[in-house]
Amino acid sequence: MNSLDRTDRAILGIVQCDGRITVTDLARKVHLSQPAAAARLRKLEQEGVITGYAAKVSPEHLGLTTHVVIRLRTTHSQIAASLKQFEQIPEINRIYRITGDDCFLLDAHTRTPERLEEIIDAIGRFGPVSTSLVLREYPAGPLV
């Protein structure tokens, strides 16, 4: 959104890194009064710039120790069926429809390599699958 000023961008950067920050602390960091910061935050939410707040959960603490990126190449006629299949697999936590040779990029966390094999078999009926093991994940920065 082009109408965001420097203060709006600062607010977005802060809440992306700390979604639980109090409005008082946020106001102090962006040099606004508490009511002004609250109004800016509310406006960003109402305009759909901020779409929600979420907790970051450690997959390892849930026993999900195998992190993979899966690519699927399928046909246009199989797109809807593929999406329905992905919904049935709770280990898939991100789905991207992409351009290029592959049609989907999936992010998944599994408990075991055997469970990964089951997932690959389940989606492999829609086309060729290629899988990459994630060795390490680095923190993403804020969007603004």
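H31 sits in the loop between helix 2 and helix 3. Helices here are DSSP runs of H or I with at least four residues, strands are E runs of at least two, and both are numbered from the N terminus. This is a predicted model, in which local features need pLDDT of at least 70, side-chain atom pairs count only at pLDDT 80 or more, and totals for chains, interfaces and linings use all residues. Residues are numbered from 1 along each chain as its sequence is written, and side-chain values use heavy atoms, with hydrogens and water left out.

- The phi of H31 is near 60 degrees, a positive value in a residue other than glycine.
- Most residues other than glycine have a negative phi.
- H31 is exposed, because its relative accessibility is 71%. Exposed means over 50% relative accessible area, buried under 20% and partly exposed in between, with a 1.4 Å probe and protein chains only.

**Helix packing**

- Two packed helices are described by the angle between their axes and the distance between the axes.
- Axes are lines fitted to C-alpha atoms, for helices over the stretch in contact, and angles run from 0 to 180 degrees between N-to-C directions.
- The axes of helix 2 (residues 23-30) and helix 3 (residues 34-46) cross at roughly 100 degrees and come within 8 Å. Helix 2 is therefore roughly perpendicular to helix 3. Angles of 65 to 115 degrees count as roughly perpendicular, under 35 as roughly parallel, over 145 as roughly antiparallel and the rest as oblique.
- On the helix 2 side, V23, T24, L26 and A27 meet Q34, A37, A38 and L41 of helix 3. Contact means heavy atoms within 4.5 Å.
- This contact of helix 2 with helix 3 has 6 nonpolar, 2 polar and no charged residues. Nonpolar covers Ala, Val, Leu, Ile, Met, Phe, Trp, Tyr, Cys and Pro; charged covers Asp, Glu, Lys and Arg; the others, Gly among them, are polar.
- Helix 1 (residues 6-17) packs with helix 3 at about 80 degrees, with the axes 11 Å apart. That angle makes helix 1 and helix 3 roughly perpendicular to each other.
- T7, D8, I11, L12 and V15 of helix 1 meet R40, L41 and L44 of helix 3. By class, the contact of helix 1 with helix 3 has 5 nonpolar, 1 polar and 2 charged residues.

**Nonpolar cores and I92**

- The largest nonpolar core has 15 residues, and I70, F86, I92, F104, L106 and I123 touch the most other members. A nonpolar core is a set of buried Ala, Val, Leu, Ile, Met, Phe, Trp, Tyr and Cys residues joined through side-chain atoms within 4.5 Å.
- Strand 1 (66-72), helix 4 (79-87), strand 3 (104-110) and helix 5 (113-124) each supply at least two residues of this core.
- Another core, of 11 residues, lies apart from it, with I11, L12, I21 and L41 among its members.
- I92 is in strand 2 (residues 92-97). I92 counts as buried because its relative accessibility is 10%.
- Leaving aside neighbours within four places in sequence, I92 contacts F86, L106, D107 and A108.
- I92 and L106 are 14 residues apart in sequence, yet 6.6 Å apart from C-alpha to C-alpha.

**D102 and the cysteines**

- D102 lies in the loop between strand 2 and strand 3. At 17% relative accessible area, D102 is buried.
- Not counting residues up to four places away in sequence, D102 touches R71, L72 and R73.
- A search of the whole structure finds 0 disulfides (pairs of cysteine sulfur atoms within 2.5 Å).
- C17 is exposed at 57% relative accessible area, whereas C103 is buried at 16%.
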